Structure formats: C-alpha cells, structure tokens
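Work through the two exercises below with the sequence and the 3D view side by side, and try each task before you read its solution.

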Amino acid sequence: MEALKKIAGVTAAQYVKDGMIVGLGTGSTAYYFVEEIGRRIKEEGLNVIGVTTSSVTTAQAESLGIPLKSVDDIDTIDVTVDGADEVDSEFNGIKGGGGALLMEKIVATPTKDYIWVVDESKMVDTLGAFKLPVEVVQYGAERLFRDFLAKGYNPSFREKDGVRFITDMKNFIIDLDLGKIDNPVAFGNELKAMTGVVEHGLFNGMVNKVIVAGKDGVRILEA
Ligand code: 5RP
C-alpha cells in the first residue's frame, strides 16, 4: 500500500513545472508528492512556491526547503496535489480523514489544475462508507451534534489521544456515519446551510485529474 501511495505521489509531481505556484496537500499519499517536490528543488534546481493545506504539511515543506506563501498572498495556484478518502466516478469525493478539509478546500478553490492522488481502494461506486467529516465552530457544536443525531446522520466528535480533536483553524470535527450518500451535491448544500458548519468534506466536481495507483499500474482519470 505504501508503495502505491508513493507511485501516485511521485507521478503527480510530473505536472509541476518551473515557476509554478503549487498547492501541497495533506495526508500519507500527498506526503510523497511533497517529498518529490523537495527532492527536485534540491537535486534539479526546480523553482516553485508552495501553498500548504495544513500545519503538518507546512512542517514537512519547511524541512525540505520548499519556499512557501500564504494562500492570501497569491491570486491563483497552478496545480494542487492532494489525497482523498473516497472518489466516485462523477469526480465527487470525500476528504478530511486527516482533519485538514477546510484548509484543503481553501487551497483547492483558486487552483487551475486540481489533482488527487489515491490508491485504488479509494475508488467507490457511491460515497459514504467513509465517515464524512464536518468542520464546525466550537461554540454551539453540541447543538449541531444533536441536530445531526436527530436527522439520523450517526455523528461522532473526532477525538485524538482521548480528547476532542481541534483543527488547524481551531474548530471541531463531527464525523457523520452515513453508509451512503445518494446525492453528494444536495447533501453538501444542506450541510453548508447549517449555522455553525464551517465546511464539509464533500469535494464535489472540484478535481480535474485523479491519479490512481493499483497493483496493475497507474491510471490517470481526467474529468
Ligand atoms: C486530510 C485529507 C487526506 O488527503 C485524505 O484523508 C487522504 O489521506 P491519505 O492519503 O493518508 O489516505 O483529506 O484532511
């Protein structure tokens, strides 16, 4: 599995050219992409500026000597490479398994070429077996939790080391155990309309390419 993740991450790096502004994703697959960008800077003199999607990726990029800018200081991002937790055939997906969905969506939004790197286990017919992360502000989070419970969305507060997980943006995550999501677009809109929800992990139709590494090789799916 680790080898497949590395193949996907390194394959995605071929879309990065000199002079680009590059969104650096979060997670164990995007890790290999970031590592490859760091290698090319060091060994090939690649000249790029990175925009990170989490504090974890910022630390990795800094350790590799990748020059960084804030998303606030750029107009567009040429290419962003990130992981995903589930992807369907309509190029909808679930992200946020690593808790970085808000920053990831903020970086994805001004991106011209938005690429996901996944192993083949992430490709699904219907989204929803993976718990859908919803980032919520701390104030009123219990009320939102009860609303999700009443709607039958099987919520749970994300925890880390026995305490409630707090995102880089200082919010909580409530994971919804939905089983399946029949209409990701409608469901995303419903969540977005709930006061206190900052962002949800449905990334509907945002991605341009999905690089899928499997035991039979790499497939590049284009939207
Ligand atoms: C983090 C994410 C990750 O990109 C997603 O969870 C996939 O991670 P991995 O490549 O480790 O399976 O959305 O918030």
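**Exercise 1.** Find out which pocket the ligand sits in, and describe that pocket.

*Solution.* The ligand sits in the second largest pocket, where sitting in a pocket requires that more than half of the molecule's atoms lie within 2 Å of its grid points. A pocket is an open set of points, on a 1 Å grid over the protein atoms alone, where a 1.4 Å probe fits and protein lies on both sides within 12 Å along at least five of seven lines; lining residues have an atom within 4 Å of a point. This second largest pocket holds about 190 Å³ of space, and of its 17 lining residues T26, G27, S28, A84 and D85 are the closest to its centre.

This is a predicted model, in which local features need pLDDT of at least 70 and side-chain atom pairs count only at pLDDT 80 or more, while totals for chains, interfaces and linings use all residues. Residues are numbered from 1 along each chain as its sequence is written, and side-chain values use heavy atoms, with hydrogens and water left out.

**Exercise 2.** Identify the side chains that make polar contacts (pairs of N or O atoms within 3.5 Å) with oxygen atoms of the ligand, taking S28, K122 and D82 in turn.

*Solution.* Begin with S28, which has a polar side-chain atom 2.5 Å from a ligand oxygen. Next, an N or O atom in the side chain of K122 lies 2.7 Å from an oxygen atom of the ligand, and for D82 the corresponding distance is 3.4 Å.

Conventions. Polar contact = N/O pair within 3.5 Å; in protein donor to acceptor, adjacent residues only side chain to side chain. Points joined across faces, edges and corners; volume = space filled by probe spheres on them.
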